[in-house]
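Here are my notes on this one, as promised. Have the model open while you read.

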Amino acid sequence: DDAGVVRVAMRGFSSRVLPALQPAVSEETRAADVLLLTPRWQSTVLTGVEDVNVLAERVIVLCGVEVDTTAFETAVKNELEGASVHVLPMTEETDLASQYVSCVTALLPIVQECLNTQTKGGVLLQVLVPSKGVYKSFAGISGLLRSAEQESRQLSTQLMGLDGEVTSEDLLERVQENGLRSEDKAVRYQAGERYVLDWEELAP
């Protein structure tokens, strides 16, 4: 102050020169740095594909699939060692939302059981649902399956949508083939053709 007494002390003070302001980024440049993706069903064919990471256990869940379940369970028992089949009853309600909730509610304990399974070889959970017409909304079950995978590195899931009635033999063949492509998380069949859900880039 005027008397020479120190009233304020600043320690560790340093100064620096501010860098030059960067030029504004144009809208065109900013758009070029944005990657836009949209989900799309891609037609794929399985030919001589083998998964080197075949999982030790397989759990197959049927929910509303039009098939002779007894014949299918017998076929799985005879052809797929270490596989189990769960047939979830569809509610008699005609409301689609009630049917969806019924399927998910019955599926949840099975998912939890798979998460609690201790095995060195891992578990493959294949959930088969109808995908024809209004039942396309059952594809939303994939969200539950993807979340379950985040809980355990031992669990791999796969959702398969079927567009109509199939024989137990055809269904067994599809289950076996898709089990060799466990990285395909969402699969559906339309008129006998196989589709896999993938991402496609969109123009900005």
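1. Ground rules. This is a predicted model, where local features need pLDDT of at least 70 and side-chain atom pairs count only at pLDDT 80 or more, while totals for chains, interfaces and linings use all residues. Residues are numbered from 1 along each chain as its sequence is written, and side-chain values use heavy atoms, with hydrogens and water left out.

2. Layout. You'll find 5 helices and 7 strands in the protein chain; these are DSSP runs, H or I of at least four residues for helices and E of at least two for strands, numbered from the N terminus. Along the sequence the order is α-β-β-α-β-α-β-α-β-α-β-β.

3. Contacts. Take contact as heavy atoms within 4.5 Å. Of the contacts in the protein chain between residues at least 6 apart in sequence, 76% join residues at least 24 apart.

4. Burial. Of the 204 residues in the protein chain, 32% are buried (under 20% relative accessible area; exposed is over 50%, partly exposed in between, with a 1.4 Å probe and protein chains only).

5. Helix α2. Which residues of α2 (69-79) are buried? They are F72, A75 and V76, and they sit on the same side of α2 because they cover an arc of only 100° around the axis (taken from the directions from the helix axis to the C-beta atoms). On the other side, T70, K77 and N78 are exposed.

6. What packs on it. The cover over the buried residues of α2 includes β2 (57-63), β3 (83-88) and α5 (168-179).
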